[in-house]
Amino acid sequence: MTDPVLDLAPRGSISIDCVVNGPISTNTYFVVSGDEALIVDPAWEGDKLAERLRSAHPGVRPVGIVCTHGHGDHVGGVAGMRRALGDDVPYLISASDAGFVRDAVASMRVRWGIDTEMPPEPDRLLSEGDTVAVGDAVLQVIDAPGHTPGGIVLFCASAEGRVAFMGDTLFPGGHGRTDLVGGDEDTILHTLGRLFRSLPEDTLCLIGHDGTTTVSDELERNPFVAHALSLGL
């Protein structure tokens, strides 16, 4: 697979609100631009997330719910948010992970005893090269398989800087687990190679769990990134 081609020119303005929620502390992000908001990875209790969105960002209209991958701790709040916000708020996920969600939720139930509500059928299926608009900003979709078969990264070049919503593809000094259902170590290394040849070094990486990092920091200290790049993966 060739490396992603990204538009690096700043476009629009965004603010980002992170809400940690769910049984394994997933980062849900509210991406706000003008009077619109995009929800990334609603993990749990979607009705409460919807209320948090309304109270923290009054007057902002939700325009979409996007999941970076199909694991239960990243899709578990979709159904509740749709009930609270309305069925006209579209749910987006990659084409590859749309059919994977049911098995992923079942696996989490068996493995950890965590049950999550199944999301509805997606309104839009995403793949590399697609874009998702919010306000005057644009998020660019990058295919990022490995943690799951259809993981994606969402890259945004805005007036405030460049950010990438990584889901569980990347963690500071490491990468997402590949021992869960749908994971593959060779594939995630190929994904890291593609990402770190393409993303600008000043990109802020917003992770699915715990804290943030940057592309420059990971180029300096992440052995998996270094390995992938050294092999030309």
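Student: Which residues does valine 75 touch, not counting residues up to four places away in sequence?
Tutor: The model is predicted. Valine 75 sits in helix α2 (residues 72-75). Leaving out residues up to four places away in sequence, valine 75 touches Pro42, Cys67, His69, Gly70, Tyr91, Ile93, Val101, Val105, Glu117 and Pro119.

Student: How far apart in space are valine 75 and isoleucine 93, C-alpha to C-alpha?
Tutor: Ile93 is one of the residues that valine 75 touches. In sequence, valine 75 and isoleucine 93 are 18 residues apart. Their C-alpha to C-alpha distance is 9.4 Å.

Student: Is valine 75 buried or exposed?
Tutor: The relative accessible area of valine 75 is 0%. Buried means under 20%, so valine 75 is buried.

Student: What angle do the planes of tyrosine 29 and phenylalanine 165 make?
Tutor: A search of the whole structure finds one aromatic pair. Tyrosine 29 and phenylalanine 165 form this pair, with 5.5 Å centre to centre. The pair is edge-to-face, and the angle between the planes is 70°.

Student: How many residues apart in sequence are the parts that this pair ties together?
Tutor: Tyrosine 29 belongs to strand β2 (residues 26-33), and phenylalanine 165 to strand β10 (residues 161-167). The pair therefore ties together parts whose separation in sequence is 136 residues.

Student: Which backbone oxygen does the side chain of threonine 203 reach?
Tutor: Threonine 203 is in the loop between α6 (185-198) and β13 (204-207). With 0% relative accessibility, threonine 203 counts as buried. At 2.8 Å, its side chain reaches the backbone oxygen of proline 200.

Note on methods:
Residues numbered from 1 in each chain as written. Predicted model: local features only at pLDDT ≥ 70, side-chain atom pairs only at ≥ 80, totals over all residues. Heavy atoms only, no water. Phe/Tyr/Trp six-rings, centres within 6.5 Å; stacked < 30°, edge-to-face > 60°. Helix = DSSP H or I, 4+ residues; strand = E, 2+ residues; numbered from the N terminus. Buried < 20%, exposed > 50% of the residue type's maximum accessible area, 1.4 Å probe, protein only. Polar contact = N/O pair within 3.5 Å; in protein donor to acceptor, adjacent residues only side chain to side chain. Contact = heavy atoms within 4.5 Å.
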